[in-house]
Amino acid sequence: MTDTDLSQLGFDLSSLRTAYREGVSVRAVALEALRRCAQDAHHAFIQRLSEAELEPYIARLEGLDAASLPLYGVPFAIKDNIDLAGVPTTAACPEYAYTPDASAVVVQRLIDAGAIPLGKTNLDQFATGLNGTRSPYGACRNAFDPAFISGGSSSGSAVATAKGWVSFALGTDTAGSGRVPASFNNLIGLKPSCGRLSTTGVVPACRSLDTVSIFALTAGDAHDVLQVTTAFDPQDPYSRAAGPHGVDWTGGPFRFGVPRAQDLDFGGNAHAQALFEATVQRTIALGGTPVEVDFTPFFETARLLYEGPWVAERYLAIREFIEAQPEAVFPPVRQIIAPGLARSAAELFGAQYRLQALRRACDAVWADVDCLLTPTAPTPHRIADMQADPIRLNSQLGLYTNFMNLLDYSAVAVPAGILTGGDAAGLPWGVTLAAPAHRDVLLLRLADRLHHALAAAQPGYTLGATAQALPAATPTLCRDDPAQSGTIPVAVCGAHLSGLPLNPQLTSRGARLLCATDSAPKYRLYALPGGPVARPGMVRVAEGGAAIPVEVWAVPAEHFGSFVAGIPAPLGIGKVELADGRVVPGFICEGIGTEGATDITAHGGWRAYMASLKR
């Protein structure tokens, strides 16, 4: 591939990384992204950066190795309630605009990782809405059919990603703003756990509930962006460190909650219902067992967000501005926010008490299921219909999203397919996976499997509106971050290998296999005397070592101690160097333990040695 014609280059991260390895320049990619963004007829952008404004970002990367930064040369867009240094932040209200000296923390982390900002995207004004039409910069149009809503409030970010103009985009998600647009534009929409991504430099909507969200073409891309942007921010009072996700159930078997039949609402769209039912069947095929869940407490929680006193928090976020210039606020937005002034402290405490009771009722579901599977939004609407009935139809869009942040859940919107009939035929429609806070990575793993299962079931299916083929599934391998997963990797080389006698000591503790690999060529393997279960000992040597086949398992941290306590001398847990240079905890043998033992290194591992005994 050369710089001469990049019009067919996919902007998913895998395609971009391949292009850079083949010699495509970062300048050519940035200018191609700028060319694509200039084609905007969907009202996706409020402001695009000029070539001159892009120059500092390009020049900084031109002297660097593309492999040196995780998001080298990756073009992205930013919802215009998130600061980019030197570019006005409008929150879709020109009279409110200000120009920040510094970028939002999350934006700066992306830039530091090599990503290139292309511009600021359209939104429902002050992030108040789920439809994308409440903007003086124009109603944002769906990437697949401009007569339909894009979803909001992060409308432009979703459309820019779905059209293939950028690789990913940032939105915000307080009530569904990062998931509804993903559903209607065939994207992965990650609503991270509250506090996982800094909101310093973000215009607040409901500050205690706001999250920065990520739109991406694949779950793998969303994961890579999440890894870069995850960080505790001491300047953000609501920031918190990413917690452990615990045992990984995503490989199956697992249990997933689905709303009861009477709790499912598709806005009269039978084709959306068919896509949901097909997604349930695909989830079952992945090892899931469906469990019906009473959604009554979830729906009551959702109503608290706009019908309760939390609307006062939206008023507080722009109080000085709305009191000084009420006419500058878009009419439907003003209609929602203005009543917040009349809410009392007594109402707020009463709602908090009710929320606490509802949270207990909702959280009880986690005793029976690992995740929830719901529609993301009932059905897409035409822009004309939304503008004719803006409050009622917008409220309908939040049925399955409004409760998430009030309950402190993480969620991922996942494409479920293309509607094949009815008024919205040809439009994408999606589902949402949800789980307690800090399960973000687990949800992305299941989303990745579901997305690939959709592609396998529908051969003509493509990502977004970019006509790029869905990439092959990539195994997770040994990529867990122990600090975020709540697990400890352990390398095993003998009787604890899969299918061997002591493997249940791992599986009974909820451990999961990360990968099969080799050690660095620095070890000898011995068959130790004694029993009754035959065991090997792996000893590190200064010279004459070999690569020993091992498996790396993720052991839940809470069970690691009991596992280690059962290991008999001369074996123990030390540090094992793997073939790729990483060092992980693993089984090692004391040197004295080789007395009377048989060197079996030449057999090529414990399995091969045991097989030789049978022969």
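Student: Which side chain makes a polar contact with the side chain of Thr376?

Tutor: This is a predicted model, so read each contact as a feature of that model. The side chain of Thr432 is the partner, at 2.7 Å. A polar atom of the Thr376 side chain also lies 2.9 Å from the backbone oxygen of Val431.

Student: Where is Thr376, and is Thr376 buried or exposed?

Tutor: Thr376 sits in the loop between strand 9 and helix 14 (383–388). Buried means under 20% relative accessible area. Thr376 has 0%, so it counts as buried. Leaving out residues up to four places away in sequence, Thr376 touches Arg179, Val180, Ser183, Leu397, Tyr400, Thr401, Ala413, Gly430, Val431 and Thr432.

Student: Which residues of helix 9 are buried, and what covers them?

Tutor: The buried ones are Pro297, Phe298, Phe299, Thr301, Ala302, Leu304 and Leu305. Their cover includes strand 8 (288–293), helix 10 (311–317), helix 13 (345–363), strand 9 (371–375) and strand 10 (409–418). Phe298 and Phe299 also belong to an aromatic cluster with Phe295, Tyr400 and Phe403.

Student: What should I look for in a nonpolar core?

Tutor: In soluble globular proteins, nonpolar side chains tend to be buried together. Here the largest nonpolar core has 99 residues. Leu71, Ile82, Val107, Leu110, Trp429 and Leu433 have the most contacts inside it. Another core, of 35 residues, lies apart from it; Met538, Ile567, Val576 and Val584 are among its members. Back in the largest core, take Ile82. Beyond its neighbours within four places in sequence, its contacts include Thr89, Val107, Leu170 and Val212.

Student: How many aromatic pairs are there, and how do I read their geometry?

Tutor: The count is 20. Compare the ring planes: over 60 degrees apart is edge-to-face. Tyr96 and Tyr98 have planes at 80° and centres 6.1 Å apart, so that pair is edge-to-face. Tyr98 is partly exposed, with a relative accessible area of 31%.

Student: What about Phe266 and Trp429?

Tutor: Their planes are at 50° and their centres 6.0 Å apart, so the pair is tilted. Phe266 lies in the loop between strand 7 (254–259) and helix 8 (270–285), and Trp429 in strand 11 (residues 428–436). The pair links distant parts of the chain, 163 residues apart. Both Phe266 and Trp429 are buried.

Student: Which residue lies over the face of Phe11?

Tutor: Arg36, at 3.9 Å from the ring centre.

Notes:
Residues numbered from 1 in each chain as written. Predicted model: local features only at pLDDT ≥ 70, side-chain atom pairs only at ≥ 80, totals over all residues. Heavy atoms only, no water. Buried < 20%, exposed > 50% of the residue type's maximum accessible area, 1.4 Å probe, protein only. Helix = DSSP H or I, 4+ residues; strand = E, 2+ residues; numbered from the N terminus. Contact = heavy atoms within 4.5 Å. Polar contact = N/O pair within 3.5 Å; in protein donor to acceptor, adjacent residues only side chain to side chain. Core = buried A, V, L, I, M, F, W, Y, C linked by side-chain atoms within 4.5 Å. Phe/Tyr/Trp six-rings, centres within 6.5 Å; stacked < 30°, edge-to-face > 60°. Lys NZ or Arg CZ within 6 Å of the ring centre and 35° of its normal.
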